[in-house]
Amino acid sequence: MVINNIECFNSKFADIDYNAPDCIALFLCKECQPVVKKLQLTEAAQKSIALYLANNPDIYDVGEIHYLTVLENDKLQQLLLVGCGNGKECSPNNFRKAAGSAIREIRKLHCRNVLAIAPLLLNATRSHYLQALTEGLYLGAYTFQEFKSDSKEVKVCAITIASNIEDGQKVIDNAAIIAESVSYTRNLINRPGNVITPEIMISEAEKAAKEYNLYIEILDEQMLAANNMNAILAVGQGSCHKPCLITLKYQGAGNSPFTAFVGKGITFDSGGISIKPDDNMGEMKDDMSGAGAVLGAIKAIAALKLKCNVMAILACAENMPDGNAQRPGDIVQAANGKTIEVVSTDAEGRMVLADAVWYACRQNAVRVVDVATLTGAVIIALGKETAAVIANNDQLAQNIIKAGKLKGESYWQLPSLPECREALKSDVADLLNSAGRPGGCITGGLFIGEFIANGVEWAHIDIGGTSTADKTSGFKVKGGTGFGTMTLIKLAEML
């Protein structure tokens, strides 16, 4: 089932035809329960809800769903009570999670015409709850069926959300753009390495540039060499799919300075000569999640016409172990002149980003945020729900954390310790591309920071644990999550 469209009902709640939909989803937190009567549901529905709540007082856990069936005018109607939390739990993000869970239950019921209501949306100042609810509905409904030969005809569901929020339809439309960009990123991540290659990333970027009238520049293998971008070239030299650096620019704020979003785009990571174990190696199709998030974000930023200047830089390569591949022990000179001793060819993401963030600075970006599935160490440090932030500017780091909190994406800033910088020093070159296991998430990020120009604000986001979900929960669906896309959009809006 896909959502055909979501409309906002912005008139008096007394004017709602509650008999029309085949399903009503009531999003309810414990504190809002006394206000349900103000929604002016039908008498039969109100009685059913009151009786159910009297017998089941603890139904408010986030995403918990209870089914009621109401008889109205000889017609059976599904009524879902969707828990949104107790007290402070009733946050926009928990609304987003609850909506994601609810839409999958609605799919099971084969409902085609749905009305979503919530006492909170009686409050005209709660537009952020309306946006979160809409995002959750769209993202929870996401499925990836592209390679299913027996995929069935997609059924369409139309949803109406009732609210007292001024310009409610605009809020919903903007939320749809954001959710569409996340779904786009998820699609890129979920496609396998034989489908998503550096050449295909170029094609996707060209489509985005054409659709949104963005400036685009593509540095191919020859142009990378002309710019001495030997770090990205070294990573890609073992593959028949040649590396590239893609730059898209959106200029929505006149002559204001640019912020650069830089994404790691390793379309498949075998580890190179330092080859990975075969168990679950197929998951390494998600090693371009950073580039996917950056591309999805700039599409939404352009569609929303945000008043900011943003460049998206995608550092794309495939890391393969053929006879031309880089070797452990090789020394490579990056574009900024620093030399890198290759300890492990499986520490390739930081190398493509080294040249990419340098190029962002050369393009006069005053602020650089790189996004990458950089390390497995981040999972050990923070688990699979939180991404790491390493920065040379604490305010930028806090802005990322705040943007993420508003969009349901969790971040934690790790310290930029001088001891970790010291660990990156090589005996035979300027830097090691891997400083070993201790503090691996920090040293990986600080390596990238070595290629940021003086005076440029920089933050690194390691999404190594959050790029893929092991199970479906809330607005996240098993597979590629698109993590970071919504944060970057919100960050652009804040900036």
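The model is predicted, so local features need pLDDT of at least 70 and side-chain atom pairs count only at pLDDT 80 or more, while totals for chains, interfaces and linings use all residues. Residues are numbered from 1 along each chain as its sequence is written, and side-chain values use heavy atoms, with hydrogens and water left out.

**Stop 1: the open sheet**

Select the open sheet of 6 strands, whose order is β1-β6-β5-β2-β4-β3 with mixed pairing. Because β1 (2–9) and β3 (65–72) each have a single partner strand, they stand at the edges, and one side of each is left without a neighbour in the sheet. From one strand to the next, the twist averages 25°. Strands here are DSSP runs of E with at least two residues, helices are runs of H or I with at least four, and both are numbered from the N terminus. Two strands pair if DSSP finds at least two bridges between them.

Now select β3 and strand β4 (residues 75–83), which run antiparallel and are joined by 8 bridges. Glu 72 stands opposite Lys 75 in β4.

Contact means heavy atoms within 4.5 Å. Helix α2 (residues 92–108) lies across β1, β2, β3, β4, β5 (113–117) and β6 (156–162), and runs at about 155° to β2.

**Stop 2**

Select Ile 16, in the loop between β1 and β2. Is Ile 16 buried or exposed? Its relative accessibility is 11%, so Ile 16 counts as buried. Buried means under 20% relative accessible area, exposed over 50%, and partly exposed in between, with a 1.4 Å probe and protein chains only. Leaving aside residues up to four places away in sequence, Ile 16 touches Phe 9, Leu 115 and Ala 162. Thr 42 is 26 residues from Ile 16 in sequence, and their C-alpha atoms are 9.9 Å apart.

Gln 40 is in the loop between β2 and α1. Gln 40 is not a glycine, but has a positive phi of about 60°. With 42% relative accessibility, Gln 40 counts as partly exposed.

Asp 167 is in the loop between β6 and α4. The phi of Asp 167 is also positive, near 55°, in a residue other than glycine. At 52% relative accessibility, Asp 167 counts as exposed.

**Stop 2: strand β10**

Select strand β10 (residues 309–319), where 11 of 11 residues are buried. Both faces are covered: one side includes Met 311 and Ile 313, and the other includes Val 310 and Leu 314.

Next, show the partners of β10. Strand β8 (residues 244–251) pairs with β10 in the antiparallel sense over 8 bridges, and Cys 244 stands opposite Cys 316 in β10. Strand β9 (residues 258–269) pairs with β10 in the parallel sense over 10 bridges. In β10, Met 311 is the bridge partner of Ala 260.

**Stop 4**

The largest pocket has a volume of about 1200 Å³. Which of its 49 lining residues are the closest to its centre? Select Met 284, Thr 375, Gly 376, Ile 379 and Gly 464.

On a 1 Å grid over the protein atoms alone, a pocket is an open set of points with protein on both sides within 12 Å along at least five of seven lines; a cavity is a set where a 1.4 Å probe fits but cannot get out; lining residues have an atom within 4 Å of a point. Points are joined across faces, edges and corners, and a volume is the space filled by probe spheres set on them.

A search of the whole structure finds 1 cavity of 30 Å³ or more. The largest cavity has a volume of about 60 Å³, and its lining includes Leu 139, Val 182, Phe 475 and Met 486.

Terms used. Axes fitted to C-alpha atoms, helices over the stretch in contact; angles between N-to-C directions.
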